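Thanks for coming. Please have a look at it before I start.

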Amino acid sequence: MPHTSVSLRRGAAVALVLGTLTAPLAGGASYAAPGSAPAAFAASSPAPSPSGTPDVRAMTPAVARRLDAAVQQVMREANVPGVTVGIWTPGQADYVRSFGVANKATGQPMSSDLYMRIGSETKMFTVTALLQLVDEGRLSLDDPIGRYISGVPDGDEITLRQLAGMRSGLFNYSADEGFYKALTSDPQRTMTPQQLLGYAFRHPVLFRPGEKFSYSNTNLILLGLLVEKESGQPLGQYVRQHILDPAGMHHTLFPVGNEFPAPHAQGYTDQTASGKVEDSAGWNTSWAWAAGAMISDLDDLHTWARTAATGIFPDGTTMVGPAVQKQRLTTPPTGIPGTGYGLGIFDVQGWIGHNGSLPGYEALTVYLPSTRTTVVVLLNTDVNYRGTIEPSTVFGQAITRIISPDHVFNLPAEPAAH
């Protein structure tokens, strides 16, 4: 999954391999082999051991100790300042641990109550807003985007479904060199959705709509504008009223600039004008907007993992109707073995969710329906391991090799373009 988020390199776990789940700002199309990672990441899969379910090991003290060791090994080998990991399976003990530091200057320890930037995981919320409007009959997934927004290349052919499913063929604005230079030269710069589209539309379309999968943050900017136009509300306000509040997610927000509630972790990135590692906590994330600007915490993402995967709010009410949710979870192949991408959500070896990455932060939030297991990983760096592997992917694979050896999260990461 390409990066899971909206990072400059490429971003969200699906910003991950596909382009950027995160949505890295830029990036090529080659992917690192899953084997070229830290030992905890690349070790051979262990034989299954007894557990309360056939797909997930019981969270015994011994398994918890193995997880502690694996997470700390990845931290050392990938040079990660701080990480928080949460694993929950009904009927089993919870695993919630924080390691390392949230602030390298002060030594503030990492903790599970910190606000974190979640990058391309934002895409799940933006697409949920779209699907709710589809549920209400105000839009159809097979409508062309040109019916609502003018000036889109091939806009009379590209459907809302193709935008949400990363099959539009539109160039990823965060891969534009001019965009990268503008952002890294002035990280406090405010960028409008129209400016972001301008960076994308100066490039020709990459292929005919629907022809193949290609992760592009541009798709989400268009969907964000569409939600605003059809709902009559700013995107952040819509998401708060129709998704976050009903889900009880009171520590999740959609910033419009560089807002970052306290307490939060500092973020460390090498996606800078100098190429040196800098603190990005105060950067303006308007450049990521509907593709990757959101902020959350561990408990809220625990709630969100199952909510997004089922379409049902925690109180049992419907977030997205069953028919539309079924379309969301139809995950055609991406070209990566074992990985499909649906409507703003991926399926990696059975794990449903998204990753996210933007300068200084990475996140992974996934759900295994067969056991109702949730895994959330939050870390305060996006500096790639050995220059090619996203640290969130390294953690995801190391963790799932232990808890679900038949369902190993093995999404390769795209290398940074800078």
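The protein chain exposes about 13,800 Å², and carbon and sulfur atoms supply 52% of that area. Accessible areas here come from the Shrake-Rupley method with a 1.4 Å probe, and for residues only the protein chains shown count as cover. Note that this is a predicted model: local features need pLDDT of at least 70, side-chain atom pairs count only at pLDDT 80 or more, and totals for chains, interfaces and linings use all residues. Residues are numbered from 1 along each chain as its sequence is written, and side-chain values use heavy atoms, with hydrogens and water left out.

Of the 418 residues of the protein chain, 62% count as buried. Buried means under 20% relative accessible area, exposed means over 50%, and partly exposed is in between, with a 1.4 Å probe and protein chains only. The chain has 13 helices and 12 strands; these are DSSP runs numbered from the N terminus, helices being H or I with at least four residues and strands E with at least two.

The largest nonpolar core has 120 residues, and F395 and I399 have the most contacts inside it. A nonpolar core is a set of buried Ala, Val, Leu, Ile, Met, Phe, Trp, Tyr and Cys residues joined through side-chain atoms within 4.5 Å. Leaving out residues up to four places away in sequence, I399 touches L67, V71, V85, I87, V375 and V377, where contact means heavy atoms within 4.5 Å. In soluble globular proteins, nonpolar side chains tend to be buried together.

Next, a helix pair. The axes of α4 and α9 (residues 235-247) come within 10 Å and cross at roughly 75°. Axes are lines fitted to C-alpha atoms, for helices over the stretch in contact, and angles run from 0 to 180 degrees between N-to-C directions. The two helices, α4 and α9, are therefore roughly perpendicular, the class for 65 to 115 degrees. Among the residues that meet are F125, A129 and L133 in α4, and Y238, H242 and I243 in α9.

On to charges. How many salt bridges are there? The count is seven, taking a side-chain nitrogen of Lys or Arg within 4 Å of a carboxyl oxygen of Asp or Glu.

One of them joins D142 and R161, with the closest N and O atoms 3.0 Å apart. D142 is in the loop between α4 (122-135) and α5 (160-164) and R161 is in α5, so this pair ties together parts 19 residues apart in sequence. R161 is partly exposed, at 26% relative accessibility.

R208 and E157 form another, again with 3.0 Å between the closest N and O atoms. R208 sits in the loop between α7 (193-201) and α8 (217-231), E157 in the loop between α4 and α5, 51 residues apart. R208 is exposed at 52%, while E157 is partly exposed at 33%.

R202 and D176 meet at 3.7 Å, N to O. Here R202 is exposed, at 53%, and D176 is buried, at 4%.

Last, backbone geometry. Most residues other than glycine have a negative phi, and most peptide bonds are trans. The bond from A262 to P263 is cis, with omega near 0°, and P263 lies in the loop between α9 and β5 (268-269). Q349, not a glycine, has a positive phi of about 55°. Q349 is in the loop between β9 (346-348) and β10 (351-358).

Notes. Angles under 35 degrees count as roughly parallel, over 145 as roughly antiparallel, 65 to 115 as roughly perpendicular and the rest as oblique.
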